[in-house]
Structure formats: structure tokens, C-alpha cells
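The exercises below are meant to be worked with the sequence and the model side by side. Each one sets a task and then gives a solution in steps.

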Amino acid sequence: MTKKEFITKYKPFALETERKIGISHLFILAQAALESGWGERAPGNMFFGVKAKKDTPINKKQLIRTTEVLGTPNEKSKFPEVISITKRTDGKYLYIVRDWFMKYDTPEECFTDHANFFFRNKRYAKALLVKSDPYKFAEEVAKAGYATAPNYAESLKKLIGEIEKVK
């Protein structure tokens with residue numbers, strides 16, 4: 001799927017989310033593109049990398065390989081399976097693990113749940129104050145710890161710019 005095809009296919013879901021709760025559709029599309037590799041890695045319609053909780057029903061979660069960047073090599077117990085841990089040049093540790101992520105019946109269900117995720121988690125309260133500005137929202141979501149990637153906000157902002165240029 002090309003970037004333009006991805007945007008065309010998923011923009012209606014992002015626009016509907018923006019209409020319902022005010023988070024910029026540009027941010028939503030950029031995050032979906034980043035987390036799913038422009039739709040290439042979206043098993044179980046999981047476009048946003050939202051992790052499942054312990055009480056998530058088994059039919060709504062899936063065990064997926066992922067990478068995490070953490071501060072210590074002693075966090076193995078956080079994951080169902082640790083494949084490897086490598087010290088990075090910045091002193092942090094790159095974990096390759098398998099962890100539980102959400103699974104959805106449809107892309108629409110995923111986009112709706114993702115939008116509500118920010119309201120369910122108090123750590124995103126500051127981000128929600130700037131939800132209509134995709135660039136500021138990206139910065140605040142990253143600061144609140146959405147992902148462990150150190151350059152998460154910059155990656156999102158780059159994709160927001162790319163999506164803005166697609167007509």
C-alpha cells in the first residue's frame with residue numbers, strides 16, 4: 001500500500017475521530033502510519049501499538065514482537081517474553097520482546113478505541129489541552145510516555161508534515 005493509498009483509506013476514520021473528540025486527524029493518521037508502517041504491520045487491525053491490559057479478554061489481545069527502549073537491563077519481568085537486551089550508545093537498553101497488544105475486529109473499532117485511550121489515561125491530560133494542534137499534541141503525547149522511542153515526537157511531526165502535503 002502506498003502512502004497516498006493509506007491516507008485515502010484511513011482518513012475517513014481519522015476525520016470522524018476528530019469530529020467526535022477534537023484530536024487532529026493529521027496526528028491520528030501520522031501515528032497510525034508510524035505505528036503500523038503505513039499499514040504494513042497492523043495485525044488484528046492494530047494501527048496504534050496500544051498494549052492490552054491484564055484483564056483484556058483473550059479474543060481482544062495478541063502477542064506481538066516489538067522493541068522497547070528502557071533505562072535499565074533489569075526490566076525483564078515487564079514482558080511475557082524477552083528475546084534480547086542490548087546496551088545502546090546512549091546508555092539505555094534496547095529490548096526486543098513479545099508483548100500483549102490490542103486486537104480489533106475492524107479498523108474503525110481500533111481508531112475509536114485509540115481516541116478514547118487518551119481520555120482514559122490521565123497522563124495525557126496536558127496533551128489533550130492542545131489536541132487540535134497535531135505538532136504540539138505529538139510533543140505532549142511523547143512527553144507523557146506513549147512510546148519508549150527517544151525520537152518519538154520528531155518521528156510523528158515528520159509524518160504529520162508528509163501527510164499535510166498529500167492531496
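**Exercise 1.** At what angle do α2 and helix α6 (residues 152-165) pack, and how far apart are their axes?

Solution. This is a predicted model, in which local features need pLDDT of at least 70 and side-chain atom pairs count only at pLDDT 80 or more, while totals for chains, interfaces and linings use all residues. Residues are numbered from 1 along each chain as its sequence is written, and side-chain values use heavy atoms, with hydrogens and water left out.

Begin with the geometry: α2 and α6 pack at about 115°, and their axes are 8 Å apart. Here axes are lines fitted to C-alpha atoms, for helices over the stretch in contact, and angles run from 0 to 180 degrees between N-to-C directions. Helices (H or I, at least four residues) and strands (E, at least two) are DSSP runs, numbered from the N terminus.

Next come the residues that touch, where contact means heavy atoms within 4.5 Å. On the α2 side they include Leu 26, Phe 27, Leu 29 and Ala 30, and on the α6 side they include Tyr 152, Leu 156, Leu 159 and Ile 163. Sorted by class, the residues of this contact are 11 nonpolar, 2 polar and 2 charged; Ala, Val, Leu, Ile, Met, Phe, Trp, Tyr, Cys and Pro count as nonpolar, Asp, Glu, Lys and Arg as charged, and the others, Gly among them, as polar.

**Exercise 2.** Describe how helix α1 meets helix α3, starting from the axes and ending with the residue classes.

Solution. The axes of α1 (residues 3-21) and α3 (residues 107-120) come within 10 Å of each other and cross at roughly 35°. Residues of α1 such as Tyr 10, Phe 13 and Ala 14 take part, and among their partners in α3 are Pro 107, Phe 111 and Phe 119. The contact of α1 with α3 has 8 nonpolar, 2 polar and 2 charged residues.

**Exercise 3.** Where does Ala 52 lie, and is Ala 52 buried or exposed?

Solution. Ala 52 is placed in the loop between α2 (25-36) and β1 (61-70). Ala 52 has 17% relative accessibility and therefore counts as buried, a term that means under 20% relative accessible area, with exposed meaning over 50% and partly exposed in between (1.4 Å probe, protein chains only). Leaving aside neighbours within four places in sequence, Ala 52 is in contact with Lys 61, Trp 100, Phe 101 and Met 102. The C-alpha atoms of Ala 52 and His 114, which are 62 residues apart along the chain, are separated by 12 Å.

**Exercise 4.** Examine the phi values of Trp 38 and Asn 45.

Solution. Most residues other than glycine have a negative phi. Trp 38, however, has a positive phi near 55°, and phi of Asn 45 is likewise positive, near 55°. Trp 38 lies in the loop between α2 and β1, and Asn 45 is found in that loop too. With a relative accessible area of 13%, Trp 38 is buried.
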